[in-house]
Amino acid sequence: MGLKENVEKVRADIRAAAIAAGRDPEAVTLLAATKTQRSETIRAAIAAGITACGENRVQELTAHLADNAYEGAQVHFIGHLQTNKVKYVVGRVALIHSVSSEKLLRAIADRADKLGLVQDILLEVNLAGEASKSGFAPEEALSAARLAEELGGVRLRGLMCIPPAAAAPGENLPYFQKLRRLAVDITREMVDNDIDMDVLSMGMSGDYPDAVLAGSTCVRVGSALFGPRPPMSSLPHD
Ligand SMILES: *Cc1c(COP(=O)(O)O)cnc(C)c1O
């Protein structure tokens, strides 16, 4: 199947899941996870109706920005971000999904302050406590949200998670429901930022229908759009 057919299939799945959950399908953004893709593929995805792209690596983001590859769509940052690289990301993307530590949160806010802008962010939550993944523990997320609210340079828009790869449909539903409840609890505790808490970034190629059932507003889909990727270990690092 081609890219256009894949975009249509994923959109149809999102629509079906949203309707099954009594939700508005338009409330779910299909974000194309474009890691390892070339600029021309990104342009083709946008031509096929993609309105938001998500990058994992600073190096690829920088190269595609220089290429004007995202013209006609938003670009978000969804990958692990080192504090010494925030200057390449803050102010250049619509939303940073992967704020995974207080140190990174402060570095992003500092950089945004210096540039005189407010950076939209999500907090990444490590729901399954996986050692291989970054993110706040669920019980740390509220204090991180409070810190984000105090810091001038950032606007907290919601939460993001990357649960373990699902082996079967339905398997990750409990994680997605947990992230949703956590977002509701945190929003209730916030003072000024509560009206901005409108994003739940959850769901990937293997589990996005379940994420939509549980309330996702942004699914990050790569291989279901672009086909299988070469393994990350075979790619150069930043
Ligand atoms: C690669 C990636 C995705 C998309 O993964 P697929 O399984 O290919 O859909 C989503 N989110 C993040 C953070 C990713 O790194």
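Okay, let's start with Arg38: its relative accessibility is 54%, so Arg38 counts as exposed. By exposed I mean over 50% relative accessible area, with buried being under 20% and partly exposed in between, using a 1.4 Å probe and protein chains only. Arg38 makes a salt bridge with Glu40, and their closest N and O atoms are 3.1 Å apart. For us, a salt bridge is a side-chain nitrogen of Lys or Arg within 4 Å of a carboxyl oxygen of Asp or Glu.

Before going on, some housekeeping. This is a predicted model, where local features need pLDDT of at least 70 and side-chain atom pairs count only at pLDDT 80 or more, while totals for chains, interfaces and linings use all residues. Residues are numbered from 1 along each chain as its sequence is written, and side-chain values use heavy atoms, with hydrogens and water left out.

Back to the salt bridges. How many salt bridges does a search of the whole structure find? Nine. Another one pairs Arg146 with Glu189, with 3.2 Å between the closest N and O atoms. That pair links distant parts of the chain, since Arg146 sits in helix 5 (residues 141-150) and Glu189 in helix 6 (residues 173-189), 43 residues apart. Helices here are DSSP runs of H or I, at least four residues, numbered from the N terminus. Arg146 is partly exposed at 37%, and Glu189 is partly exposed too, at 40%.

Now stay in helix 6. Arg188 and Asp185 both lie there, three residues apart, about one turn of the helix. They form a salt bridge, the closest N and O atoms being 3.4 Å apart. Arg188 is exposed at 61%, whereas Asp185, at 39%, is partly exposed. There's also a network: Asp120, Arg155, Arg157 and Asp198 are joined by salt bridges that share partners.

On to the ligand. What surrounds it? The shell includes Ala33, Lys35, Ile78, Met204 and Arg229, where a residue makes the list if one of its heavy atoms lies within 4 Å. By type, the shell divides into five nonpolar, four polar and three charged residues; Gly counts as polar in that scheme.

Asn56 puts a polar side-chain atom 2.7 Å from a ligand oxygen. Arg220 has a polar side-chain atom 2.8 Å from a ligand nitrogen. With Gly222, a backbone N or O atom lies 2.8 Å from a ligand oxygen. Taken alone, the ligand exposes 390 Å², and the protein buries 90% of that, with areas from the Shrake-Rupley method and a 1.4 Å probe.

Technical notes
Polar contact = N/O pair within 3.5 Å; in protein donor to acceptor, adjacent residues only side chain to side chain. Helix = DSSP H or I, 4+ residues; strand = E, 2+ residues; numbered from the N terminus.
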